[in-house]
Amino acid sequence: MDNDWYVDDRCTDCDVARQLAPGLIDRVGRRSEVVRQPRDAAEDRAVHAAAFACPTRSVRPASGRLDPALDPFPLALDAAVSLCGHNSRQTAGANSYLVRRPAGTLVLVDTPRWSEVLAAKYAALGTVTDVLLTHRDHAAHGRQYADHFGARLWIHEGDLDAAPDADRVLRGTERVEIGPGLVAHPLPGHTRGSVLYVADERYCFSGDSFYWSRTTGDVEVAESVTWYSIEELAASLARTAGQLRFEWLLPGHGDRKHLPADRMAERLRGLAARTRRLTPRPVDFTAMRW
């Protein structure tokens, strides 16, 4: 195992490393720090995952460069969904996901940093038919991945200027079935064109609309980083929360969570009620309740 891991001064406090190596990497002030060195093989794998996901490559072993053979991504969360890792600075370090469909094809929800090596790795796992963008902040590499796979690129009309050459454009606020068991729910609020995607009533890819907060132990909206309208987000949640059924919350920013569907639905109802009471506030990244 590598010893003496550290986080360098390029850290942007995006929380990605802390999600993957809890107890080893934590928030100190307004950045991540290694608070304890790995003690066994499982912990060593966790800190390697944090290092390969970090968008600034700030998680470093003192021994030198990362060994590509130890890259764990795509990292299976369960049999159908893998976390892509290799988060991109151009998407503010957002998480992205590779999703296997019942027919054996794959869809990519948001994207990691662009790399032909990564794209080839995903293509080797199956035919990628669609690249689903949750909103404008995560659109940077969508066209490159879609072109590489020969896949369709999806975005909502509200954020179309971020991907004007998208192949499929979602419109309005009504739910749209974009494939068997795969439903898009437009959710304006974080941005005008924010969308969440639900697969098989099991997986919810929420973009930046809501996430699991380790601080509060609950589902939260990023009220301090809402680019469009917190009132619109409240209206979107009031309209949509009752339609949603899923077990896995898989956001772009913030932590993931797996709960029974009934308990997740209860959390969403609570979130919708809390969000109705929120008022606009200036954007403040430092106020995020990770």
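## Basis of the model

Local features in this predicted model need pLDDT of at least 70, side-chain atom pairs count only at pLDDT 80 or more, and totals for chains, interfaces and linings use all residues. Residues are numbered from 1 along each chain as its sequence is written, and side-chain values use heavy atoms, with hydrogens and water left out.

## Overall fold

The protein chain contains six helices and 19 strands; these are DSSP runs numbered from the N terminus, with helices (H or I) of at least four residues and strands (E) of at least two. Along the principal axes, the C-alpha atoms fill a box of roughly 50 × 45 × 35 Å.

Of the 290 residues, 56% are buried (buried means under 20% relative accessible area, exposed over 50%, and partly exposed in between, with a 1.4 Å probe and protein chains only). Contact means heavy atoms within 4.5 Å. Among contacts between residues at least 6 apart in sequence, 58% join residues at least 24 apart.

## Surface and charge

The accessible surface of the protein chain is about 12400 Å², and carbon and sulfur atoms account for 49% of this area. The areas come from the Shrake-Rupley method with a 1.4 Å probe; for residues, only the protein chains shown count as cover.

The chain carries 37 positive and 39 negative charges, whose mean positions are 2 Å apart. Lys and Arg count as positive and Asp and Glu as negative, while His and the chain ends are not counted. Each charge is placed at NZ of Lys, CZ of Arg, CG of Asp or CD of Glu.

## Aromatic pairs

The whole structure holds five aromatic pairs. Rings of Phe, Tyr and Trp (its six-membered ring) pair if their centres lie within 6.5 Å; planes under 30 degrees apart count as stacked, over 60 as edge-to-face and the rest as tilted. One of the pairs joins Tyr-97 and Phe-205, whose ring centres are 5.5 Å apart with planes at 55°, so this pair is tilted. Tyr-97 belongs to strand 7 (residues 97-100) and Phe-205 to strand 15 (residues 203-207), so the pair ties together parts that are 108 residues apart in sequence. Both residues, Tyr-97 and Phe-205, are buried.

Trp-227 and Phe-285 also form a tilted pair, because their ring centres are 5.9 Å apart and their planes stand at 55°. Trp-227 counts as partly exposed at 45% relative accessibility, whereas Phe-285 counts as exposed at 52%.

## Two individual residues

Thr-134 is located in the loop between strand 9 (128-132) and helix 4 (142-149), and is buried with a relative accessible area of 1%. Not counting residues up to four places away in sequence, Thr-134 touches several residues, including Val-109, Asp-110, Tyr-197 and Phe-205.

Arg-152 lies in strand 10 (residues 152-156) and counts as partly exposed at 33% relative accessibility. Apart from neighbours within four places in sequence, Arg-152 is in contact with Thr-129, Asp-130, Val-131, Asp-167 and Arg-168. The C-alpha atoms of Arg-152 and Pro-102 are separated by 18 Å, the two residues being 50 residues apart along the chain.
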